[in-house]
Amino acid sequence: MKLDWRGLTIWDWPLAGLLALALLLDGATASELGYDDRWELPGFLVVCALALLASRWPVVAGVGVVVVLLAWSVVLRLAGVAVPAAAGGLGAAEVVAVLAVIVAVVRRTSRSTAAGLVGLLLLGCLAVGVLRPEHPGAPQELGWSVVLPVVAVVAGWVLRVRDARQARELRAVVVATQLRERVALARELHDVVAHHIGGMVVQAQAAQAVALPDPGAPARVLPVIERAGAEALSAMQRMVAMLEDVDGDPVTPPTDLLTDLRAAAVTSGDATAVRLAVELAEPVPAAVATTVLRLVQESVTNARRYAVGAREITATVRAGDGRVHVRVRDDGRHTDRPRRSGGGGYGLVGMRERVQLLGGRFEAGRLPGAGWQVLADLPLRPEP
C-alpha cells in the first residue's frame with residue numbers, strides 16, 4: 001500500500017494537530033505525576049499513526065489499533081507499569097486515536113463492517129481497562145468512555161450521509177458534462193454530414209451539366225461523390241450513436257486544423273508559452289479534427305489555470321498510419337485550485353467522453369516530479 005503524503009497533509013492535518021496536542025497532554029500529565037512516560041510513548045505513537053491512516057484504510061486501521069492496544073497493554077502489565085489514563089484506561093492520545101478510527105470506520109465502510117469494527121474497538125478498549133495496571137493518580141472516569149464513542153459514531157454517520165450526497169451531486173454533474181459533450185459532438189458531426197452531402201449534390205449537378213459535351217466527366221466525378229458519401233455515412237453512424245438533443249450551442253468544425261491549432265497555441269499577456277509540433281502525414285477528417293482541436297484547447301487552458309510555475313506547455317499532434325496522436329504536457333506544479341478564475345472543473349470528463357465516443361483512448365495525470373500530461377489516440381476513420 002502506497003501512502004499519498006500529499007493527500008495526508010491536505011486532509012488530515014487537523015487530526016494530526018489534535019493527536020500532537022493529546023500527546024503533549026499525556027506528557028504534561030506524566031510530568032505532573034512524576035511518571036516516566038517512556039513506556040507509554042511507543043504504543044501511543046503507533047496508535048496515532050494508525051489513526052492518520054484510517055481515512056484511507058479504515059479496516060486496517062481499526063484492526064491494527066485493537067491489536068496494538070492489547071499487545072502494549074500486555075507489555076505494560078508484564079512490566080508492572082501503570083499509565084495515567086484519560087478515559088477507560090487509555091491515554092489522551094489513545095482516546096483521540098480510537099475516536100478518529102471510529103469516525104473513519106463508520107464513514108468509509110459498509111454498515112455491517114462498521115458495526116463489527118466499532119464493536120471490536122469498544123471490546124478492545126474494555127480489555128485495555130482490565131489489563132493495564134491502574135495508576136494511583138489517574139483522574140475520575142466521569143463516564144467519558146461511554147459518551148465519546150457515541151459522539152464518534154454520530155459524527156461518522158453525519159459525514160457518511162454528507163459524502164453520499166456529494167457523490168450523487170458529482171455524478172449528476174459528470175453525467176451533465178458527458179451529455180453536453182455528446183450534444184456538441186453530435187452537432188459538429190451534423191455540420192460535417194451537411195458539408196459532405198452538399199458537396200455531393202454540387203458534384204452530381206456538375207456531372208449532369210457536362211455529361212453531354214464531355215461523356216467522360218461522370219466517370220471522373222463519381223469517385224469523388226463516393227468518397228464524400230462514405231465520409232458522410234461514417235459521420236452519420238457516429239452521430240446516430242449519440243443523443244439527439246437540441247440543447248447546447250452550435251459549434252463550427254475547424255476548416256484548417258493546422259491553422260486552428262496554431263491559433264490555440266498563441267500566447268498573450270502573462271500566459272504560459274506553448275510550443276506546438278504538428279505532423280499530419282494523413283488528412284484528418286473534420287469530425288476527428290474538431291475533437292483534436294478541443295483536446296489541445298482544453299489541455300492548454302487547464303495547464304495555464306492549474307500549473308503553478310510552469311515555464312512551457314508542449315502540444316504535439318501527429319497523424320499517420322490511420323490514427324492521430326495528441327499529447328499536451330507542462331512542467332509546472334499542479335494544484336486543485338486554479339490560478340485564474342473561470343471554468344467548471346470538469347474539462348477532463350468532457351475530453352474523455354469525446355475521445356471515447358470516437359473510438360479512441362484517453363489518459364491524463366501527473367508526471368513524475370512535476371507537470372501534467374494529457375494523451376489521446378484516435379482513429380482517423382471508424383474502426384469495424
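Predicted model: local features only at pLDDT ≥ 70, side-chain atom pairs only at ≥ 80, totals over all residues.
Figure 1. The chain averages a pLDDT of 75, and 65% of the residues score at least 70. Residues are numbered from 1 along each chain as its sequence is written, and side-chain values use heavy atoms, with hydrogens and water left out. Local features need pLDDT of at least 70 and side-chain atom pairs count only at pLDDT 80 or more, whereas totals for chains, interfaces and linings use all residues.

Figure 2. Five strands form an open sheet of mixed pairing, in the order β1-β3-β4-β7-β6. Helices (H or I, at least four residues) and strands (E, at least two) are DSSP runs, numbered from the N terminus; two strands pair if DSSP finds at least two bridges between them. The edge strands, β1 (273–280) and β6 (361–366), each pair on one side only. Direction ignored, neighbouring strands of this sheet are turned by 5° against each other on average. The axes behind such angles are lines fitted to C-alpha atoms, for helices over the stretch in contact, and angles run from 0 to 180 degrees between N-to-C directions.

**Figure 3. Strand β3 between β1 and β4.** Strands β1 and β3 run parallel and are joined by eight bridges, with A273 opposite E312 in β3. Strand β3 (residues 312–320) pairs with β4 (residues 323–330) in the antiparallel sense, again over eight bridges. A315 has V328 in β4 as its bridge partner, and G320 stands opposite R323 in β4. Two residues lie between the strands of this hairpin, where D321 takes a positive phi near 55°. Seven of the nine residues of β3 are buried (under 20% relative accessible area, with exposed over 50% and partly exposed in between; 1.4 Å probe, protein chains only), so β3 is largely enclosed by the rest of the structure.

**Figure 4. Strand β7 between β4 and β6.** Strands β4 and β7 (residues 372–379) run antiparallel and are joined by seven bridges. R329 stands opposite Q373 in β7. On the other pairing, β6 and β7 are antiparallel over six bridges, and Q373 in β7 is the bridge partner of G365.

**Figure 5. Helices against the sheet.** Helix α10 (residues 286–306) packs on the sheet and touches β1, β3, β4, β6 and β7; its direction makes about 10° with that of β4. Helix α11 (residues 347–357) lies across β6 and β7, running at about 155° to β6.

**Figure 6. Two nonpolar cores.** A nonpolar core is a set of buried Ala, Val, Leu, Ile, Met, Phe, Trp, Tyr and Cys residues joined through side-chain atoms within 4.5 Å. The largest one has 35 residues, and those with the most contacts inside it are V65, L69, L90, V98, V101 and I102. Two or more residues come from each of α2 (13–32), α3 (41–53), α4 (58–79), α5 (92–108) and α6 (111–131); the largest share, 14 residues, comes from α5. Another core, of 30 residues, lies apart from it and includes V296, A319, W372 and L378.

Key
pLDDT = per-residue confidence, 0-100. Contact = heavy atoms within 4.5 Å.
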